[in-house]
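Subject: Structure handover and notes

Hello,

Please find below the structure I said I would pass on.

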Amino acid sequence: MSANDQNQSQPHGGERGTGAAAAPQAEASGAGASERAPRHGRRRRGRTEQKPQQAPRRAESALNMDELRELTELFTAHGLTDFEFENADIRVRLSRNPAPAASGAQAVSAQALTPHDAVQSAASAAATSAGAEGAARAVGATTAAESTEEELHIITSPIVGTFYRSPAPTADAFVKVGSRVEHDTVVCIIEAMKLMNEVLAETTGTVAKVYVENGQPVEYGQPLFGVKK
Amino acid sequence: MSTRLTPTILRFDSLPSTNTEAARQAVLGVPEGLCVIAREQTAGRGRQQRAWVSPKDAGLYFSIVLRPRLDARAWPLVTLAAALAASDALREACALETDIKWPNDLLSGGRKLCGILAETFETVRGRAVVVGIGINLNNRAFPPEILSTATSVEERTGRAPEGECLLASLTRALARRYEALHAEGGEAATVREWESRSSFARNRRVRVALADETFEGATRGLEPDGALRVETGAGRIRVVRAGDVMALRRVGE
């Protein structure tokens, strides 16, 4: 339950214990963002408004795969939530998505806004290679017009501990999918060293996703619930 | 920045739970240091809403409101500091030495003498933690099911403890341990103190019961946030932050 080396749901796997969220370090070099050495430290803020996630599509690319991969790594390493890059041929926009329910991983969506509607497979190939490196679990590339999923407010864990959906093993869950929450609604408890941490929704809306199972260990900043406004 | 804690005591004859009353006060915005005690609790509780048996004048039922100025990740250390304080107080007021079972139960003669439960709450003055401490003074009213696992100050020392004296020692010790936790290097120092006071810190064979799994291993000290490191074999270390830890026979025995 709380022996947290069992935790498989983190995208980088490197954080443990007190959740040392490594400070990002940009290394200066001559040629702009895509040349910077990526670092895999991760800094997740408590709560961020999330952008829609789209299904992977292909996009015209004047950006090569390595560049796109580096961009996504930088984006992840620096804990950014939005990034835009533009030159004569291409405009790239990265924005952080809510974690998919199955993996709890972070997702990054790359939108290539091209002057042509033609699409190529470069971006999805980049997605595969970036995913393989573990820098970003999901990289989707799409045209700007498509946006299907509604925005979810993600409630994240304030500490490392064990996640409980109810106050006692036999009690009802604080909230379920479909539950209406207000700012002061208790959504769960995270236990660490017999300190029971009440977690409040701190938003209003309806619970749309529950990312963690009862009794499972959670990391600092890990998504717990998705709330639809 | 130094932290001074000045305990103020609110006394009740009977309460459902001192933690619940302290939490109510915390939410309304009382300053830290407010202590709630009751001669009996009608709905005393422990971890996961387990009942804490609290008959009249058979125990010290105590809760304190704290507003730690610590990183959220260090807040669990408050419960370890509270265990150290309760241990200090029993030593000072009752001349009783206790062991600390991870994370914060006090044992005497291998049986439970004191339990601690802490809960956080959002309040009008920011996040607060209520630390509840229950100390068995005598075991006259123990139900049969806990007789073999629980003990009391009276049973261990052979005389009825002076409750007021113990309360005074406890509030002083809590203030001291809490202030020490906030001092420069206080988090690491608290972990070291805990490790030096507890036989569970190192080389103790334990069984750890989690919600969906039980495993055994040998303890290997604490993480910086107070989590227990347990080596389960072949050098594999598991880090425990919740669950029940039970002692098996000592390594080498």
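Which residues in helix 4 of chain B meet which residues in helix 5 of chain B? From helix 4 of chain B they are B:R177, B:A180 and B:L181, and from helix 5 of chain B they are B:G186, B:E187, B:T190, B:E193 and B:R197. Contact here means heavy atoms within 4.5 Å.

Some conventions before the rest. This is a predicted model, in which local features need pLDDT of at least 70 and side-chain atom pairs count only at pLDDT 80 or more, while totals for chains, interfaces and linings use all residues. Residues are numbered from 1 along each chain as its sequence is written, chains are lettered from A and ligands numbered from 1 in the order in which they are written, and side-chain values use heavy atoms, with hydrogens and water left out.

Chain B overall

Chain B contains 5 helices and 12 strands. Helices (H or I, at least four residues) and strands (E, at least two) are DSSP runs, numbered from the N terminus. Of the 253 residues in chain B, 57% are buried. Buried means under 20% relative accessible area, exposed means over 50%, and partly exposed is in between (1.4 Å probe, protein chains only). Among the contacts in chain B with a separation of 6 or more, 63% are between residues 24 or more positions apart.

Helix 2 of chain B

Helix 2 of chain B covers residues 77–94, which is 18 residues. From its first C-alpha to its last it reaches 25 Å, close to the 26 Å expected at 1.5 Å a residue; the expected span is 1.5 Å times one less than the number of residues. Because 15 of its 18 residues are buried, helix 2 of chain B is largely enclosed by the rest of the structure.

Just after this helix comes B:A95, with a positive phi of about 55°, although B:A95 is not a glycine. B:A95 sits in the loop between helix 2 and strand 4 of chain B and counts as exposed, at 61% relative accessibility.

How the helices pack

Two packed helices are described by the angle between their axes and the distance between the axes. Axes are lines fitted to C-alpha atoms, for helices over the stretch in contact, and angles run from 0 to 180 degrees between N-to-C directions. Angles under 35 degrees count as roughly parallel, over 145 as roughly antiparallel, 65 to 115 as roughly perpendicular and the rest as oblique.

- Helix 4 (residues 163–182) and helix 5 of chain B have axes that come within 6 Å and cross at roughly 130°, which makes helix 4 of chain B oblique to helix 5 of chain B. Their contact has 2 nonpolar, 2 polar and 4 charged residues. (Ala, Val, Leu, Ile, Met, Phe, Trp, Tyr, Cys and Pro count as nonpolar, Asp, Glu, Lys and Arg as charged, and the others, Gly among them, as polar.)
- Helix 2 and helix 5 (residues 186–197) of chain B pack at about 50°, with axes 10 Å apart, and are therefore oblique to each other. The residues of this contact divide into 6 nonpolar, 2 polar and 5 charged. Those from helix 2 of chain B include B:L77, B:L84 and B:R91, and those from helix 5 of chain B include B:V191 and B:W194.
- Helix 2 and helix 4 of chain B have axes that come within 8 Å and cross at roughly 140°, so they are oblique to each other. Their contact has 17 nonpolar, 1 polar and 5 charged residues.

Single residues

What joins B:W102 and B:P103? A cis peptide bond does, with omega about -5°. B:P103 lies in the loop between strand 4 (99–101) and strand 5 (105–108) of chain B.

B:N203, in strand 8 (residues 202–209) of chain B, has a positive phi near 55° and is a residue other than glycine. B:N203 is partly exposed, with a relative accessible area of 46%.

B:T157 is in helix 3 (residues 153–157) of chain B and is partly exposed at 21% relative accessibility. Leaving out residues up to four places away in sequence, B:T157 touches B:C94 and B:L96. The C-alpha atoms of B:T157 and B:C94 are separated by 7.6 Å, though the two are 63 residues apart along the chain.

In chain A, A:G161 lies in strand 6 (residues 161–164) and is buried at 2% relative accessibility. With residues up to four places away in sequence not counted, the residues A:G161 touches include A:I190, A:P217 and, from chain B, B:R241.

Regards
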